[in-house]
Amino acid sequence: MKFEIMRDWLLEGLNDVMKAISQKVANPILTGVKIEVTEKGLTMTGSDSDITICTYIPIEEDGEQIISVIESGSIILQAKVFSEIVRKLPTNEVTIEIKNGMQTHIKSGKSEFHLIGSNSDDYPVLPNVKDEYRFSLPADLMKSLIKETVFAVSQQETRPILTGVHWETVNEKLVCVATDSHRLARREITPEIMPESPFSVVIPGKSLQELNKILPDNSDLVEIVIADQQVLFKSRNVLFYSRLLEGNYPDTSRLIPAEYKTTVTVNGRQLLQAIDRASLLAREERNNIVRFSADEGKMLEVSSNSPEIGKVEELIEAIDVTGENLKISFSAKYMMDALKAIEGQDIAIHFTGAMRPFILKSIDSDSILQLILPVRTF
């Protein structure tokens, strides 16, 4: 194998692949990156057995020559070392050549590195994803879909199914739900092309967070292929495979209250900043609790106190308050996460009592819903 490549292209592809590589894997071969060169281009693969990422670099793009292939071939190189080397190479022209079996020579300017590679035949085969369900979403919509739900997945492995986001099709809509049993985030969208038959899968939250880092900030389409145990996301030159979580996701629809006793309409950004300030004193406490009260007037009070530090009270003017007077306490972190998901919009908060779950929605749209369980502080 011998080829020349532009360093910035190599580094960009490598950065994506590295997101799937972990040093804590049962199979030591997975600490390496698989490099494959053909007359069409270069493919790099990284995996931790849960996530697999493939990046493809073409020979040329828009008339610019990126790779010059002298001899096709493949090798596995230690991913961490290889990526550090590529990052620090002195020039943008890089030559990579394999000699005497697995001896890999990396040359750039006056620098030359010699790495010992491994046989690429030892690398696990890519998952075989048959097209059971296939649809596409714009990349920027995918990113907002992930951002508005993934923060609410459980961090505890006691109920593994809750560490993922539930994606299912309901009445021509894609509904994504995450919950850690103290809060819930739901986002609904209507893709232009829906799979022919309905599906219900749970995608690990960690996979979606890594995917979010790779997706471009544009409206290029990302193709989504869901199969038996795997989901594949295909964007322009990247394939991102993730395993699916096994088990049945709990029915969360019955958690969402149907009627409300108090509704507060308020500017989301103002409320977020007030809760952020109130949590400065609550942060030292184990539970980071903030109190919230609303009455017939349009002034809302956000307060918090810590016996050791002191207390804070702040009044915010609501756009509207209807229904019963209310005093409620909740986790400042959960509330701030929910408000960030409905970013920069006027929001309606629907309460059904001091100890019942309450929900947040944008006043303009029902597509994003956040639910939080209050905390007993009396």
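Trainee: What classes of residue make up the lining of the second largest pocket?
Mentor: Nine nonpolar, five polar and five charged. Nonpolar is Ala, Val, Leu, Ile, Met, Phe, Trp, Tyr, Cys and Pro, charged is Asp, Glu, Lys and Arg, and the rest, Gly included, are polar. It's a predicted model: local features need pLDDT of at least 70 and side-chain atom pairs 80 or more, while totals for chains, interfaces and linings use all residues. Numbering starts from 1 along each chain as its sequence is written, and side-chain values use heavy atoms, without hydrogens or water.
Trainee: Which residues lie nearest the centre of that second pocket?
Mentor: Glu12, Asp16, Arg236, Asn237 and Val238, out of 19 lining residues. A pocket is an open set of points on a 1 Å grid where a 1.4 Å probe fits, with protein on both sides within 12 Å along at least five of seven lines, and lining residues have an atom within 4 Å of a point.
Trainee: And which element gives the largest share?
Mentor: α1, with four residues. Elements giving two or more are α1, β4 (51–58), α4 and β17 (221–226). Those are DSSP runs, helices (H or I) of at least four residues and strands (E) of at least two.
Trainee: Switching over, what lies nearest the centre of the largest pocket?
Mentor: Asp50, Glu157, Pro204, Lys206 and Ser207, with 18 residues in the lining. Helix α4 (residues 205–214) gives the most, five residues.
Trainee: How does that lining split by class?
Mentor: Seven charged, six polar and five nonpolar.
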